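Please examine the sequence and the structure shown below. The report that follows treats a helix pair, a sheet and several single residues.

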Amino acid sequence: MTQPQRIALISDIHGNLTALTAVLADIDARGIETIYNLGDVAGKGPRGSAAIQLSRQRCAVTIGGNWDDFLPDEQPTDSEPLRWWREELSPADRQWLRDLPLVHDLVLSGRRIRLFHASAQSVYTRVWSQHTPEEFDGMFAATELTGPGPVPDVVAYGDIHETFLKVAGSRTLLNVGSVGNALDEPAAAYAILEGTPGQEQVALGIQFVRVPYDVEAEIAVATSLDMPTTATYAIELRTAVYRGLHAALGLG
């Protein structure tokens, strides 16, 4: 009899090595050996290069996200923070980001599971937890990004930094949240899939995990490295409130 398998799904590390280390320790403590990374490894946080090295070492697959797409290559309109985050990466780091796949499919407990960063349309097309039925359907569509083939039963993605799960009929959509820049709770997030490899329809489990980590230590690293936007980064990590809302809420 085939033994059940557990797979950890992580996403949106954003250069937060403190959070990533805590999440990997939690995954190891659970005896989980297979990790898939759903993208946005660097940028926003101070140690993108170290996060890339850990992802390369520990993750069976890393999928490209929107930051992984635009960060490696210089643009005339780049801001000072973008230049800082890019220059923190090595040439090999930048090339690795450019080469990342955009989708990964697997079969677990008879379900076809599809992983990507933001949506089936593009790494730049965002689908929130509060979405329309059309947006939900679009996450399961065959597109240029996903390629042709059978539509998935389960879709897992990142990008919005907020965990949620939605079931409609035979389809399940889940967001695994963010390891390094959570915007729903000030703790790192990841998800676990548990099922049996193969086509037989048997039990499939989905679990969300929240991992506390030393937020102040991460902020101290950003401060010591003179990272631009450290003040904004600190507020986001402490409050899980998106930086675009800080001024209106008096958090600046």
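The axes of helix α2 (residues 48–58) and helix α5 (residues 91–98) come within 10 Å of each other and cross at roughly 55°. Here an axis is a line fitted to C-alpha atoms, for helices over the stretch in contact, and angles run from 0 to 180 degrees between N-to-C directions. Helices (H or I, at least four residues) and strands (E, at least two) are DSSP runs, numbered from the N terminus. Angles under 35 degrees count as roughly parallel, over 145 as roughly antiparallel, 65 to 115 as roughly perpendicular and the rest as oblique; α2 and α5 are therefore oblique to each other. The crossing of α2 past α5 is left-handed, a term used if the near helix is turned anticlockwise from the far one by less than a right angle, whereas clockwise gives a right-handed crossing. On the side of α2, the contact (heavy atoms within 4.5 Å) is made by Ser49, Ile52, Gln53, Ser55 and Arg56, and on the side of α5 by Ala92, Asp93, Trp96 and Leu97.

This is a predicted model, in which local features need pLDDT of at least 70 and side-chain atom pairs count only at pLDDT 80 or more, while totals for chains, interfaces and linings use all residues. Residues are numbered from 1 along each chain as its sequence is written, and side-chain values use heavy atoms, with hydrogens and water left out.

The sheet is the next topic. Five strands form an open sheet with mixed pairing, in the order β3-β2-β1-β9-β10; two strands pair if DSSP finds at least two bridges between them. At the edges are β3 (61–62) and β10 (205–211), each of which pairs on one side only. Helix α1 (residues 17–29) packs on this sheet and touches β1, β2, β9 (188–195) and β10, with a direction that makes about 25° with that of β9.

Within the sheet, strand β1 (residues 5–10) and β2 run parallel and are joined by four bridges. Ile7 has Thr34 of β2 as its bridge partner, and Leu9 has Tyr36 of β2. In a regular strand the side chains alternate between the two faces of the sheet. In strand β2 (residues 34–37), Thr34 and Tyr36 point one way and Ile35 and Asn37 the other way, and all are buried. Buried means under 20% relative accessible area, exposed over 50%, and partly exposed in between (1.4 Å probe, protein chains only).

Which residues other than glycine have a positive phi? Most residues other than glycine have a negative phi. His161 has a positive phi of about 60°, and the phi of Asp226 is near 55°, also a positive value. His161 lies in the loop between β6 (154–157) and β7 (163–168), and Asp226 in the loop between α7 (215–224) and α8 (230–239).

| Residue | Relative accessibility | Class |
|---|---|---|
| His14 | 1% | buried |
| His161 | 3% | buried |
| Ala217 | 30% | partly exposed |
| Asp226 | 62% | exposed |

His14 is placed in the loop between β1 and α1. Not counting residues up to four places away in sequence, His14 touches Asp40, Val41, Ala42, Gly43, Lys44, Gly45, Trp67, His161 and Asn181. Ala217 belongs to helix α7. Between Ala217 and Thr18 there are 199 residues of separation in sequence, but the C-alpha to C-alpha distance is 7.5 Å.
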